[in-house]
Amino acid sequence: MEVPILKQGGHLIAAIQAALTDADLIRLQDALVEQVGRYRSKGVIIDVTALDVMDSFATRTLRSMAHMIKLRGAETVICGIQPEVAFAMVQLGLTLEGISTALDLEEGLALLNRRTVNSNQSV
Amino acid sequence: MEGETRVHIGSEIDIIEARERGRTIGKLVGFHPVDQTIIATAISEIARNIIFFAKQGTMSFEVIAEGNRRGILIVAKDSGPGIADISMAMQDGYSTSRGLGLGLPGVRRLMDEFQVISIVGKGTTVTMKKWVAHYD
Amino acid sequence: MSKRDEPRVSESEEVVPNEPRSELLRQLVAHLRDNRTQLRQEWARRITQASLLTAMSQDEIFAEATTIYENYVDALESGTFEALQAYARNLSERIIPRGVETDEVVGIVLLLRDVLARSLFAKYQQDFALLNRILDAYEPAANKIANTVAVSFVQERERTIRQQQEAIRELSTPVLQVRERLLILPIIGVIDPQRARQLTEQLLRGIRTNRAKVVVIDITGVAAMDSTVANHLVQTVEACRLLGAKVIVTGLSPVIAQTLVTIGVDLAKMNTVGDLQGGIEEAEKSLGYKVVPGER
Ligand SMILES: Nc1ncnc2c1ncn2[C@@H]1O[C@H](COP(=O)(O)OP(=O)(O)OP(=O)(O)O)[C@@H](O)[C@H]1O
Ligand SMILES: [Mg+2]
């Protein structure tokens with residue numbers, strides 16, 4: 001299933017709609033990395049509200065996605081992780097170290113906007 | 001609700017199918033939503049290992065009862081390359097696929113009972129159980 | 001073939017037809033009623049002697065003994081156990097909070113059975129055949145009574161324990177919202193893995209419903225933690241973060257800090273603040289509230 005990527009302000013929002021296969025995740029990664037470059041986005045939000053399982057493969061892919069996006073000069077925020085999913089993830093031993101997280105899309109956008117303002121100030 | 005159901009694991013789509021099957025059975029047996037997610041996550045890890053390392057296999061699901069407790073039994077079988085050193089594979093961070101190496105040890109933490117039997121060149125069988133927790 | 005299968009010779013040497021069982025029970029009940037005062041006293045004496053029901057005073061024991069005795073004899077007479085069962089429940093409800101244990105209750109009922117059997121023995125020892133028939137009528141009923149009382153007690157006890165545990169759990173796991181987007185989870189008492197898990201689930205749900213951004217977990221009230229529970233704490237902190245909430249841990253005792261270090265936790269990566277008040281101030285700061293220093 002294709003994940004739609006929306007542009008909002010200077011940010012990109014990837015809204016995952018349903019469970020993804022590994023191939024879908026890899027496609028999402030490629031698309032995001034490409035679009036961050038094309039639109040010179042400063043921030044990317046990956047909304048995972050619809051995911052009812054996050055296993056080690058999905059976590060690893062999200063991590064490497066965030067890493068590649070960072071290399072292209074943008075921040076990644078993962079938002080919408082469900083409480084049950086978070087609970088299972090930590091028991092499995094999965095973390096999203098080094099990646100920002102937010103409760104939902106609204107919070108994610110607020111976080112990115114704060115970050116962007118701060119980094120503008122510090123320039 | 002007695003008897004077992006089986007899912008063939010041959011492609012990534014089957015991973016999703018298998019964890020949905022596990023979640024449905026988990027719900028029927030009376031697992032708490034958090035435990036349903038835990039079961040689905042464990043299934044996802046084990047099914048993915050089948051695809052990754054053995055290309056294909058099967059996963060069967062069964063409702064089990066023992067005394068006054070009920071639970072789910074999941075057996076994953078493949079005829080892939082097998083695991084040479086199981087105790088190594090069960091350690092956090094051990095991976096031959098540049099993965100996080102958290103699949104097997106993580107699933108052991110998620111489930112109540114967990115067993116891996118593997119013969120190099122013959123295949124791997126993973127057996128896992130979870131019991132409905134009683135909060136009383 | 002074993003010997004057992006051979007036809008048995010009649011055990012009774014008398015050919016006199018026996019009284020029906022109900023007639024025996026009637027005699028028995030009459031005897032127990034006629035001698036109630038003395039038998040009750042004997043029973044109470046034996047209870048004290050056996051150091052049972054030490055949580056109760058002599059007067060209390062005697063008062064309860066009186067009622068149980070009446071119920072006991074009624075049950076023998078009528079063959080119905082509902083009234084006795086109800087009384088046993090009621091009694092259990094009253095004495096369980098005082099720490100009376102199951103073996104004590106079983107003990108006193110067995111003592112009564114014994115006291116009564118001895119008295120029957122004394123009365124009928126001249127006529128052994130009759131005594132045997134009386135005891136045959138008495139034993140099953142007495143056993144049934146002992147069972148009824150013990151089962152009522154155990155059920156009541158389990159119910160009480162369940163209730164208490166629930167109450168304690170609810171009392172000791174409040175997720176408090178002190179300010180918008182700020183939750184406090186004060187943990188008090190012993191945490192076992194099951195409770196740790198419930199705490200985490202409750203907290204994660206709380207974060208979602210209250211849209212919390214900062215959580216202060218105060219463990220001042222926790223004396224010690226084994227490594228399993230310490231691991232749970234670390235997982236809880238991590239899970240909160242996955243939901244986008246920052247966690248501040250306060251009231252970490254040196255012993256627990258040591259446990260965390262032992263299981264490989266990097267304390268520098270965990271936000272820890274000495275006490276709850278400090279933790280709340282820190283939380284308010286990160287929420288953008290202005291904190292007036294020295295406001296305590
Ligand atoms: N079904 C299997 N057949 C053959 N080898 C397996 C199988 N399952 C696991 N293994 C071996 O055990 C190792 C550990 O498995 P585990 O699932 O813990 O980690 P991973 O799959 O490599 O990484 P991750 O699951 O974190 O993405 C694997 O790297 C692989 O060598
Ligand atoms: Mg794996």
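## Briefing: chains A and B with ligand 1

Ligand 1 lies between chains A and B. This is a predicted model, in which local features need pLDDT of at least 70 and side-chain atom pairs count only at pLDDT 80 or more, while totals for chains, interfaces and linings use all residues. Residues are numbered from 1 along each chain as its sequence is written, chains are lettered from A and ligands numbered from 1 in the order in which they are written, and side-chain values use heavy atoms, with hydrogens and water left out.

**Interface of chains A and B**

- Chain A gives 21 residues to the contact and chain B gives 24 residues (contact means heavy atoms within 4.5 Å).
- About 2,000 Å² is buried between the two chains, and carbon and sulfur atoms give 59% of this area (buried area is the accessible area, with a 1.4 Å probe, that two parts lose on being put together, summed over both).
- On the chain A side, Val53(A), Arg60(A) and Leu92(A) lose the most area to chain B, together 28% of what that side buries.
- Between chain A and chain B, 11 residue pairs are in polar contact, both residues being at pLDDT 80 or more (a polar contact is a pair of N or O atoms within 3.5 Å; within protein, one must be able to donate a hydrogen and the other to accept it, and residues adjacent in sequence count only if both atoms are side-chain atoms).
- Helix 1 (22-39), helix 2 (56-71) and helix 3 (83-92) of chain A each supply at least two residues of the side that touches chain B (helices are DSSP runs of H or I, at least four residues, numbered from the N terminus).
- Helix 3 of chain A supplies the largest share of that side, six residues.

**Salt bridges**

- The rule finds three salt bridges across the interface of chain A and chain B (a side-chain nitrogen of Lys or Arg within 4 Å of a carboxyl oxygen of Asp or Glu).
- Arg48(B) and Asp55(A) form a salt bridge through their side chains, at 2.5 Å from N to O.
- Over all chains, the structure holds 34 salt bridges.
- Within chain B, the side chains of Arg21(B) and Glu17(B) meet in a salt bridge at 2.8 Å, N to O.
- Both Arg21(B) and Glu17(B) lie in helix 1 (residues 12-29) of chain B, four residues apart, about one turn of the helix.

**Ligand 1**

- There are 21 residues around ligand 1, of which Ser56(A), Ser95(B), Thr96(B), Gly101(B) and Leu102(B) come nearest (a residue counts if one of its heavy atoms lies within 4 Å).
- An N or O atom in the side chain of Asn49(B) is 2.8 Å from an oxygen atom of ligand 1.
- Ser95(B) has a polar side-chain atom 2.6 Å from an oxygen atom of the ligand.
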